[in-house]
Amino acid sequence: MNARFELKVAGTAGFCFGVRRAVNLAEEAPQKYPGLKIRTLGPIIHNPQVVTQLTEMGVAQVNSIDELDPGVVIIRSHGITRQLAQQLQEQPNLTIVDATCPFVRRAQEIVAQMSADGYLVIIIGEPEHPEVTGLISYGRPETTLVISRPDDLPEELLSRAKPSRIALLAQTTQTQQVYHEISSALLARKGELRCFNTICTATNDRQSEALDLAEGCDLMLVIGGRNSANTNRLFALCREKQTSSYHIETAADLRPKWFKNKRKIGISAGASTPQWLIDEVCQKLKTIS
Ligand code: SF4
């Protein structure tokens, strides 16, 4: 207990179900496949410290299929493209450990099914995010669209009834608010609209709890990889409620000057942040006076 600060750590801070599952699969792999070269295709999760720890255990990252040797490949939690999955299956002497989160897998299946049924598929998300590039690959290029906000909806789509059938889903880490805004805009048009709310409850729960914390504290810390989309979004939301909010990756990023005249400190962390990084931050805070 820190006498200077009142620390409140969100119960939802840290690994979500899908990330824990992926990291467990990677950690178990050296024992399960002794003597085989084990690699992850891209970072298994968006947390540099976890990636480094796994590398030290012999589970290193490669960035393309060309770098893979025979052995074991682990597919990351946010999935890969359909084409890449196909190429991996065609590699000789390669065992595939699929750590794609089941919720991401479900979204991929929705894109594939709705595309096959002739719907225009609209995915709410960040076009460059690996989860989204994976989702897009399950649809038909000419009838699959990625948008980030209501303004991105093509005018002709809103003003005309055609295409009359639209399926709407989202990258799992999107906010409910943007989903509601876009689905409301689409509901105003004629035609059929099928809404699949693929936003993960882990993301939602984490965001709600962090927002409550941010409102009731003097300073908010959000811990997680700078390359983690869900951590960045969590931080952006917290900063809207609490201007004294900081995004840190590790305890080494803490700056004593932030804590001048601060008493109540709220802490949350992205879904790809391990518990040990959260614990280290709490420990370091005890040394700040
Ligand atoms: S945030 Fe949700 S969808 Fe993403 S990996 Fe975690 S459990 Fe799966």
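First, the ground rules. This is a predicted model, in which local features need pLDDT of at least 70 and side-chain atom pairs count only at pLDDT 80 or more, while totals for chains, interfaces and linings use all residues. Residues are numbered from 1 along each chain as its sequence is written, and side-chain values use heavy atoms, with hydrogens and water left out.

Now the sheet. Four strands, in the order S3-S2-S4-S5, form an open sheet with parallel pairing. Strands here are DSSP runs of E with at least two residues, helices are runs of H or I with at least four, and the numbering starts at the N terminus. Pairing requires at least two DSSP bridges between two strands. S3 (59–62) and S5 (94–98) are the edge strands, each with a single partner, so one side of each has no neighbour in the sheet. From one strand to the next, the twist averages 30°. Between S2 (residues 38–41) and S3 there are 4 bridges, and the two run parallel. Arg39 has Ala60 in S3 as its bridge partner.

Next, the helices. H3 (residues 82–90) lies across S2, S4 (71–75) and S5, at about 145° to S5. Axes are lines fitted to C-alpha atoms, for helices over the stretch in contact, and angles run from 0 to 180 degrees between N-to-C directions. Contact means heavy atoms within 4.5 Å.

H1 (residues 17–32) has 16 residues and spans 21 Å from first C-alpha to last, close to the expected 22 Å. That expectation is 1.5 Å times one less than the number of residues. Which residues of H1 are buried? They are Gly18, Val19, Ala22, Val23, Ala26 and Ala29. Buried means under 20% relative accessible area, exposed over 50%, and partly exposed in between, with a 1.4 Å probe and protein chains only. The cover over these H1 residues includes S2, H2 (48–56), S3 and S4.

On to Gln207, which sits in H8 (residues 201–216). Gln207 counts as buried, at 7% relative accessibility. Leaving out residues up to four places away in sequence, Gln207 touches Thr173, Thr175, Arg233, Leu234 and Leu237.

Last, the cysteines. There are 0 disulfides in the structure, a disulfide being a pair of cysteine sulfur atoms within 2.5 Å. Cys195 is partly exposed at 41% relative accessibility, whereas Cys200 is buried at 11%.
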